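This note sets out several points for a colleague who is examining the model alongside its sequence. The points follow after the display.

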Amino acid sequence: MSELDPLRHEISELDVRLLELLNRRLELVAAVRDYKDSAGERWIDPEREAELLQALVAANPGPLSERGVTSIFSAVLDVLKQEIAAERSAPAPPGRTVERPRAVERLAVVGTGLIGTSVALAAGRAGSRCRGFDADPRVLEGAAARVAIEPAPSLAEAVGDAELVVVAVPVGAAPAVVQEVLDAVGADVVVTDVASTKRPLASLEDPRFVPGHPVAGGATGGPARAAADLFDEATWFLTPTGRSSPQSLELVERFVASLGARTVRTDAAAHDRLLALTSHLPHALANLLMLRVAEAAAQDDAPLAFAGASLREMTRLAGANPAVWSDIFLGNADEIAAALNGLRASLDELEQALRAGDRNGIEATITTAAAARERLETFAYCTAPAQLNRIRIRVPDRPGVLARITQILGAAQINLEDFELRHVSPEYGGVLVILVAGADNAERARELLRREGYSAA
C-alpha cells in the first residue's frame, strides 16, 4: 500500500461528508426562501451574507488564508442561490405552459387595456372564464379580439355573476369605478384594482375590497400589447384597508399567485412613498432631462445629434403615456414632490462642490452611488455583484450577429445574467454589454468571442 493511500482515503471521506453538508445547507436555504416568500420579504440579504463571511474569517484557525475562506464561501453562497433560483424558475418543457391552480372560475375585468387584458389572458391559462367591460367600445373590441374577454355591454352585466372583479382603469378614475363596482355586486363578491397609487383608494373601506398594484406594464398600452406572461415573477403589492376581510385578502392572494406574480403586503402610505422614489421620480426626471436637452437643441441640434448612450438610457422613460402618467403624478403628488425636494438638496450640494472644485466631495458622491448601485444589483440578480463581470462587445449592424454571440456562449454553457444593447450609428453598429457570473466564465467568454473576431473588452 502506498503511503499516500490513507491520505487520499481520508480526503475522499471528507469530500463525501462535505457533499452531505452542502446538500443539507441547500435544504436550509430553500426553507429560508420559502418562509421569506410567504412573508413577502426579499430573500437575498447582502448585509447578513457580509456578516457571515466576516464571522467565518474571524473563526478560521488556518491554514486557509483569509482570501481562501472568502473565495470558497462566496462561491458556496453564489452556487446555492443559483440552485434555488433554477429550481423555482425551471422552464416548462417545449409546447407546455406552467400549470397553476385556478383561483376563481368566474372573473370580471373592468378596464380592458394592457393590464386588464393581460389579467384576463393570465387567468385564462388557469381556466378562469372572464367577462369584461370598458368605457371605450374600441378598447373592449380589441380585448375581445385577443380571445381573452367575453365583452359585456355594461359594467353591471360584466360583474353580474363574477366571483372576483379586477378594476383596471386609470388612476384618476379608479376610486369612482371601484365604488360603482362595489355598489353593483353582491355581498360575496371580492373586488380588487391595479392602480399604481393606493392612498386615493384607502378611504373605500369595504370588507370585499382589497387594493392592489402589479409592478408590470410598459411605456405604451392597449389590449394589443397584452400578454399572458406579463405578471410572471412580478411583484404585486396588496394594500388592504382596515376593513378588508381576511377571506377577501386570501382570495386575491391566491388569484395573484395563479397569474404567476408574487404578493407583497404593505399599507397604502408606505406603497406610495416607495413608488414615488423607485418609479415615479425616475419618470419625472427622464421628462425633465429630455426637456432641458431639447431647450439647448432649439438653436442648434448638436445636443441631440451627438448625444451619447448615457442620455438615451437616462431618458428612455421620457414621454411615456401622458394621460396615464399625469394621473399618477397627481395621485401621488405630495410624495413625488418630497422626493424632488430631497433631490434638490443633493443637486445643490453637487453644484457647490463643482463651483468650489471639491474633488474629494465629488469622488465621495460617486463612490457612495456605486455602493448603492451594487446593493441594487444584489436584489436584481441571484449572483453577488462582486461575482458579476461586464464584457463589452462591438456588434456590427447586420442580421444574425446577436444570435451568433449567444450561440457561442450557450455552447460553452456560459449563462448571461443580463445584457443591454446600445446602438451607436448604422456605420459603427452598436455595443453589446453582457453580464457573466464568475471570473473564469468571463475570461472564457472573452477568449471564445475573440476567436470569432469580436472585440470583448
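Is Glu163 buried, partly exposed or exposed, and why does it count as such?

1. The model is a predicted one. In it, Glu163 has a relative accessibility of 23%; because this lies between the limits of 20% and 50%, the residue counts as partly exposed. Its side chain meets that of Arg106 in a salt bridge, with an N to O distance of 3.6 Å. Distant parts of the chain are linked in this way: Glu163 lies in the loop between helix 6 (155–159) and strand 4, while Arg106 belongs to strand 1, and 57 residues separate the two. Arg106 is likewise classed as partly exposed, because its relative accessibility is 29%.

2. Strand 1 (residues 106–110) and strand 2 (residues 129–133) run parallel and are joined by five bridges. The open sheet as a whole comprises six strands with parallel pairing, in the order 3-2-1-4-5-6. At its edges are strand 3 (150–151) and strand 6 (209–210), each of which pairs on one side only. Helix 8 (residues 246–258) packs on this sheet and touches strand 1, strand 4 (164–167), strand 5 (190–193) and strand 6. The direction of helix 8 makes about 55° with that of strand 5.

3. A search of the whole structure gives 21 salt bridges. One of them joins the side chains of Glu335 and Arg273, at 3.6 Å from N to O. This pair, too, links distant parts of the chain: Glu335 is in helix 13 (residues 333–356) and Arg273 in helix 9 (residues 268–296), 62 residues apart. Glu335 has a relative accessible area of 15% and is therefore buried, whereas Arg273, at 44%, is partly exposed.

4. Elsewhere, salt bridges with shared partners connect Arg129, Arg131, Glu150 and Asp161 in one network.

5. Two aromatic pairs are present in the structure. In the pair formed by Phe231 and Trp236, the ring centres are 5.2 Å apart and the planes lie at 55°, so the arrangement is tilted. Phe231 and Trp236 are both buried.

Key: Residues are numbered from 1 along each chain as its sequence is written. This is a predicted model: local features need pLDDT of at least 70, side-chain atom pairs count only at pLDDT 80 or more; totals for chains, interfaces and linings use all residues. Side-chain values use heavy atoms; hydrogens and water are left out. Two strands pair if DSSP finds at least two bridges between them. Helices (H or I, at least four residues) and strands (E, at least two) are DSSP runs, numbered from the N terminus. Contact means heavy atoms within 4.5 Å. Axes are lines fitted to C-alpha atoms, for helices over the stretch in contact, and angles run from 0 to 180 degrees between N-to-C directions. Rings of Phe, Tyr and Trp (its six-membered ring) pair if their centres lie within 6.5 Å; planes under 30 degrees apart count as stacked, over 60 as edge-to-face and the rest as tilted. Buried means under 20% relative accessible area, exposed over 50%, partly exposed in between (1.4 Å probe, protein chains only). A salt bridge is a side-chain nitrogen of Lys or Arg within 4 Å of a carboxyl oxygen of Asp or Glu.
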